[in-house]
Amino acid sequence: MGNGTRGTGKGPTHLVWDWNGTLLDDNVAVIEATNAAFAELGLEPITLERYRDLYCVPIPRFYQRLLGRLPTDDEWLVMDAAFHRQYWTRAESCGLTEGAAELLAARRAAGLGQSLLSMAPHEHLVPIVRRHGITEHFLRVDGRTGPSHGSKAEHMVRHLTALRVTHPEISGERLVVIGDAVDDAVAAAAVGAKAVLYTGGSHSRASLAAAGVPVVDTLAEAVAVAENLMA
């Protein structure tokens, strides 16, 4: 794979892709798993629209918006375990977002750098990315190794640090994060990078607009906007 240089004379460009709700079209699995987790505590199910209006990180704050209070430690453990148990049984049947595989392959063929950073558990992320046949398109694939309520910004700092060990030409200033959640923009800012947010995932357009970064409706548009940001 190439070193990610675009040949603009301004240094290398690198895309960091989010997984859930961005490259993976998993909205149905997410809402079904969320409602299954709620059911374990006797809570009413929610619609995908309400989920996308209220979703935020850290996840306990999302539950606070739904419950009107923060979940207790015991409630959080029950819901978190139930969500992951239910989600990963459904994720196997989820496909990639329309056009994702082609965009990744085209970027790799052009020698342009990209990596994958997700808050999904690393031990689940790596196998599912491999099953979709796209691992080779990324310089790194990093999932979460700590608690599920951790910070994606901290995860991004570690991701960029690891990338620079083998690709020192990659810098935050020439990096664009493509994701579906406000925390993707926050994570980008943590390393001095830019972000483009995609409306097909966990957040509503109105929620994403509050991040103050470009918001797009397709992954093809996300890549085009990212390239323009680096021009």
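Predicted model: local features only at pLDDT ≥ 70, side-chain atom pairs only at ≥ 80, totals over all residues.
In general, a disulfide is a covalent bond between the sulfur atoms of two cysteines. Two cysteines may still be placed for you. Cys-56 counts as buried, because its relative accessibility is 8%. Cys-94 also counts as buried, at a relative accessibility of 10%. The cut-off for that word is a relative accessible area under 20%.

I turn now to the sheet. Six strands form an open sheet in the order S3-S2-S1-S4-S5-S6, and their pairing is parallel. At the edges stand S3 and strand S6, residues 215–216; each has a single partner strand, so one side of each is left without a neighbour in the sheet.

Let us look at strand S2, which covers residues 113–121. Is this strand largely enclosed or largely open? Eight of its nine residues are buried, so strand S2 is largely enclosed by the rest of the structure. On one side, four bridges join S2 to strand S1, residues 14–17, and the two strands run parallel. Within that pairing, Leu-15 stands opposite Gln-114, and the bridge partner of Val-16 is Ser-115. As a general point, the side chains in a regular strand alternate between the two faces of the sheet.

S2 is also joined to strand S3, residues 141–144, by three bridges, again with the strands running parallel. Here Leu-116 stands opposite Val-141. Between these strands comes helix H6, residues 122–131, and together S2, H6 and S3 make a right-handed β-α-β unit.

My next subject is helix H3, residues 59–67. Which residues of H3 are buried? They are Ile-59, Pro-60, Phe-62, Tyr-63 and Leu-66. These residues cover an arc of only 155° around the axis, which puts them on the same side of H3. Just after H3 comes Gly-68, which takes a positive phi of about 85°.

We come to the salt bridges. How many are counted in this model? The count comes to ten, and I shall describe some of them.

One of them joins the side chains of Glu-92 and Arg-131, at 2.6 Å from N to O. Glu-92 lies in the loop between H4 and helix H5 (100–109), while Arg-131 lies in helix H6, so this pair ties together parts that are 39 residues apart in sequence. Glu-92 is partly exposed, with a relative accessible area of 46%.

Another salt bridge is formed by Arg-107 and Glu-227, whose closest N and O atoms are 2.7 Å apart. This pair links distant parts of the chain, since Arg-107 belongs to helix H5 and Glu-227 to helix H10 (residues 219–230), 120 residues apart. Arg-107 is buried, with a relative accessible area of 5%, and Glu-227 is buried at 16%.

A further salt bridge is that of Lys-152 with Asp-184, where the closest N and O atoms are 2.6 Å apart. It too links distant parts of the chain: Lys-152 is in helix H7 (residues 152–166) and Asp-184 in helix H8 (residues 182–190), 32 residues apart. Lys-152 is buried, with a relative accessible area of 6%. Asp-184 is buried as well, with a value of 1%. Moreover, Asp-18, Lys-152 and Asp-184 are linked in a network of salt bridges.

I shall finish with Asp-180. Where does this residue lie? Its place is in the loop between strand S4 (175–179) and H8. Asp-180 counts as buried, because its relative accessibility is 3%. Asp-180 and Asn-20 are 160 residues apart in sequence, and 8.2 Å apart in space from C-alpha to C-alpha. Leaving aside residues up to four places away in sequence, Asp-180 touches Asp-18, Asn-20, Gly-21 and Thr-22, together with Tyr-198, Gly-201, Ser-202, His-203 and Leu-208.

How values were computed
Residues numbered from 1 in each chain as written. Heavy atoms only, no water. Buried < 20%, exposed > 50% of the residue type's maximum accessible area, 1.4 Å probe, protein only. Pairing = 2+ DSSP bridges. Right-handed = clockwise from strand over helix to strand, strands pointing away. Arc of directions from axis to C-beta. Salt bridge = Lys/Arg side-chain N within 4 Å of Asp/Glu carboxyl O. Contact = heavy atoms within 4.5 Å.
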